[in-house]
Amino acid sequence: MEESLTLKKLRERFPASIIDTHSFRGDDTAVIKRVDVVDICRFLKESPDLSYNFLMDLTAVDYLQMGNSPKEGRFEVVYHLYSLKYNHRVRIKSPLTEADPTIDSLTPLWAVANWLERECWDMFGIRFDGHPDLKRILLYEQFEGHPLRKDYPLTGRQPLIGPKN
Amino acid sequence: MAIESALGESVVLTRTDKVLGWARKYSLFLYPFVTACCGMEYMAAAASHYDIDRFGAGLPRFSPRQADVLFVVGTISHKQAPILKRVWEQMCEPKWVVAFGGCTCSGGPYDNYATVQGIDTIVPVDVYIPGCPPRPETVLDGIMKLQEKIQSQKQEL
Ligand code: SF4
């Protein structure tokens, strides 16, 4: 299948930072190195013929103990971008290691990244460099750990009041 | 016995206890502590079709100081728990608590880091209404159970 315009342009522009790309039934995905995440997203946002102006979602995946875990690291941050102008989407993934789960913040590009990155920090413990106020958004400050990590105990509870149940 | 027959039907003799219970059970002021989807079913039960007002429970109060039944409707998270406790503490005696829906009874479908496994770990519960969400009939049944309980309690003055 012919490569889509987005993936083609990404490969041309950032040959060194694209680890992999694939397209499944029209869904484009690019796996990238974390160092270039802001540059790549800015390129996607500001190129007139791509114009991915909307950060739809930002989340992470914990591949702990998965057979197909990416060799580069345990976590993968996933960005879903959408172009309101062209009605097309792209998914950007970036693997992070367990020892250093850090990636640059997208807050300079999209204001919405602020809360999405705080949620990602809250749930997965991924740090976003350059975030103006990286603190928990859903859980309480006293909470220890990050509950959506696969090594967080399934029934691990940290009640503020009342018995542990 | 003799007095009753002398006075005819114009006077009813009873005990203060019973009168108080009767008055209390038909003037329930609910505080709906609504946090999740069960709230829709509470609204259905409270609206005219099922008409919760038949049981004297038609007027929700949104101040705990004016309410005497705490209706906990919906999932309670550990983050929410201190707020629920505080609302309960602010209510005046006599007060009752109804656990509305599976989430408040036992955590319902949620068994994870976030959800309180039953509000009875935080506040004492008088009536449990199961269901996810409970149908209005179940809610009315729960209110009738609460009324029975109120009537049979010792009435503090
Ligand atoms: S019991 Fe079911 S309907 Fe009610 S709050 Fe819980 S999940 Fe929602």
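Contact, as the word is used in this report, means that heavy atoms lie within 4.5 Å.

## Basis of the description

This is a predicted model, in which local features need pLDDT of at least 70 and side-chain atom pairs count only at pLDDT 80 or more, while totals for chains, interfaces and linings use all residues. Residues are numbered from 1 along each chain as its sequence is written, chains are lettered from A and ligands numbered from 1 in the order in which they are written, and side-chain values use heavy atoms, with hydrogens and water left out.

## Chain A as a whole

Chain A holds 3 helices and 7 strands, where helices (H or I, at least four residues) and strands (E, at least two) are DSSP runs numbered from the N terminus. Read from the N terminus on, the elements follow the order α-β-β-α-β-β-β-β-α-β. Along the principal axes, the C-alpha atoms of chain A fill a box of roughly 60 × 35 × 25 Å.

Of the 165 residues in chain A, 48% are buried, a term that stands for under 20% relative accessible area, whereas exposed stands for over 50% and partly exposed for the range in between (1.4 Å probe, protein chains only). Among the contacts in chain A with a separation of 6 or more, 50% come from residues 24 or more positions apart.

## Helix α2 and strand β4 of chain A

Helix α2 of chain A spans residues 37-46, and its buried residues are V37(A), V38(A), I40(A), C41(A), F43(A) and L44(A). These buried residues pack against α1 (5-13), β1 (18-24), β2 (27-32), β4 (75-83), β5 (88-96) and β6 (102-104) of chain A.

Strand β4 of chain A also contains E76(A), which is buried, with a relative accessible area of 7%. The side chain of E76(A) makes a polar contact with the side chain of Y63(A) at 3.2 Å; a polar contact is a pair of N or O atoms within 3.5 Å, and within protein one must be able to donate a hydrogen and the other to accept it, while residues adjacent in sequence count only if both atoms are side-chain atoms.

## Two helices of chain B

In helix α2 of chain B, which covers residues 16-25, G21(B), R24(B) and K25(B) are buried. They lie on the same side of α2(B) because they cover an arc of only 90° around the axis, the arc being that of the directions from the helix axis to the C-beta atoms. T16(B) and W22(B), on the other side of α2(B), are exposed. The buried residues of α2(B) pack against β3 (96-100) and α6 (136-152) of chain B.

V87(B) belongs to helix α4 of chain B, residues 81-90, and is buried, with a relative accessible area of 7%. Leaving aside neighbours within four places in sequence, V87(B) is in contact with Y31(B), F33(B), P64(B) and L70(B).

## Where the two chains meet

The contact between the chains takes 19 residues from chain A and 13 residues from chain B. Together the chains bury about 1,200 Å², 62% of it on carbon and sulfur atoms; buried area is the accessible area (1.4 Å probe) that two parts lose on being put together, summed over both.

Between chain A and chain B there is 1 salt bridge, defined as a side-chain nitrogen of Lys or Arg within 4 Å of a carboxyl oxygen of Asp or Glu. The side chains of R157(A) and D111(B) meet in a salt bridge, at 2.3 Å from N to O.
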